[in-house]
Amino acid sequence: MSGNASWLDLAGQFPTPPYGAEALAWLDRRFGAARSQVLSGNLTGRIRPAQYDADSLLELFDIEGEGHCFTARAHEWARFHEPQITGGLVHFLGQGDLEVQLGRCLAFYRACARCSGGEARDIDADDVIDWEVIEEEPTLREHGASGRKRVERGRIDILVEFKLEDGAKAGAAVEAKFDHTLTPGQLRKYSAHLEDEREWKLEVAPLLLVTRQPEDLRSDKLWQSVTWWRFMVAFEREIGRFDCDEFRRFRRTIWKASYGQ
């Protein structure tokens, strides 16, 4: 084929396979109108449909709030995995001027506190003298028994920490999962790191495992299992005036990565 030829020229060079028109007509009569037959049958006549009311759905997602991420289009050019999602969140939490960065980190902390189901310290911007947001905080734990040493390594996906005027520390940590599962003892190792190295008071620190579906964490009492659905709804209510178009679009992409929509 020459460089100027069109692939459409191939259409006439290959015979199309024969098909039975009568068979297709029968199939259409047999199944084509199945939906209309079901909906017009006696079955649905016995069901009293409930009146649809969108108010509860609008309230749940706060869709009518200014700048909700559902008004943006998700990124379609790639399939985002755990490292891209957590790295993107850390990127946007640390983006902007200092007021915006602090506002976003406080929104993240408050969303975690909403989801934790336990006690968490209330923090205002005026209480904070310094803060940091960290992606994949490295953890290290050594065990010695009978002269043998075992080293456990890990990384906490997202960590936000505040240093307060009264000298105290406060923070929130998130372990994010989409297609992977926890390893045995993983969260206990993270708890020990936060208590020993970060000097957090874990009873008032929101520690979340965020997944598509809830996980059984009865063996890790300090951590709370929440869905991406619940966490993203909480964060959307907290972000407020510290949002921007790109961050909004990225959060919409998290929804798509979590639930395909």
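The model is predicted, so local features are taken only at pLDDT of at least 70 and side-chain atom pairs only at pLDDT 80 or more, while totals for chains, interfaces and linings use all residues. Residues are numbered from 1 along each chain as its sequence is written, and side-chain values use heavy atoms, with hydrogens and water left out.

I start with the overall layout. The protein has 9 helices and 5 strands, where helices (H or I, at least four residues) and strands (E, at least two) are DSSP runs numbered from the N terminus. The order from the N terminus is α-α-α-α-α-α-β-β-β-α-β-β-α-α. Of the 261 residues, 38% count as buried; buried means under 20% relative accessible area, exposed over 50%, and partly exposed in between, with a 1.4 Å probe and protein chains only. Among contacts with a separation of 6 or more, 64% are between residues 24 or more positions apart, a contact being heavy atoms within 4.5 Å.

Now the cores. A nonpolar core here is a set of buried Ala, Val, Leu, Ile, Met, Phe, Trp, Tyr and Cys residues joined through side-chain atoms within 4.5 Å. The largest one has 44 residues, and Phe-108, Phe-162, Trp-228 and Phe-231 have the most contacts inside it. At least two residues each come from helix 5 (82-93), helix 6 (98-116), strand 2 (148-164), strand 3 (169-176), strand 4 (207-211), helix 8 (228-239) and helix 9 (245-259). Which helix gives the most to this core? Helix 6 does, with 10 residues. Phe-231 shows the packing: leaving out residues up to four places away in sequence, Phe-231 touches Phe-108, Ala-111, Cys-112, Cys-115, Leu-208, Val-210 and Val-226. Another core lies apart from this one and has 14 residues, among them Ile-156, Leu-194, Leu-202 and Trp-223.

The buried ones include Glu-82, Ile-85, Gly-88 and Phe-92. At 1.5 Å a residue helix 5 should span 16 Å, and its end C-alpha atoms are 17 Å apart, which agrees; the expected span is 1.5 Å times one less than the number of residues. Just after helix 9, Gly-260 takes a positive phi of about 75 degrees.

Next, the aromatic rings. The whole structure holds 10 aromatic pairs. Rings of Phe, Tyr and Trp (its six-membered ring) pair if their centres lie within 6.5 Å, and planes under 30 degrees apart count as stacked, over 60 as edge-to-face and the rest as tilted. Phe-178 and Trp-228 are stacked, at 4.9 Å centre to centre with 15 degrees between the planes. This pair links distant parts of the chain, since Phe-178 is in the loop between strand 3 and helix 7 (186-196) and Trp-228 is in helix 8, 50 residues apart. Both Phe-178 and Trp-228 are buried. Tyr-190 and Trp-223 are tilted, at 6.4 Å and 55 degrees. Here Tyr-190 sits in helix 7 and Trp-223 in the loop between strand 4 and strand 5 (224-227), 33 residues apart. Ring pairs also join Phe-92, Phe-108, Phe-178, Trp-228, Phe-231, Phe-235, Phe-247 and Phe-250 into a cluster.

Arg-251 lies over the face of Phe-247, 4.8 Å from the ring centre; the criterion is NZ of Lys or CZ of Arg within 6 Å of the ring centre and within 35 degrees of the ring normal. Arg-251 also touches Glu-236, which is in helix 8. At 9% relative accessibility, Glu-236 counts as buried.

Last, two backbone points. Glu-136, in strand 1 (residues 128-145), has a positive phi of about 55 degrees although it is not a glycine. Glu-199, in the loop between helix 7 and strand 4, has a positive phi near 60 degrees. Is each one exposed or partly exposed? Glu-136 is partly exposed at 30% relative accessibility, and Glu-199 is exposed at 57%.
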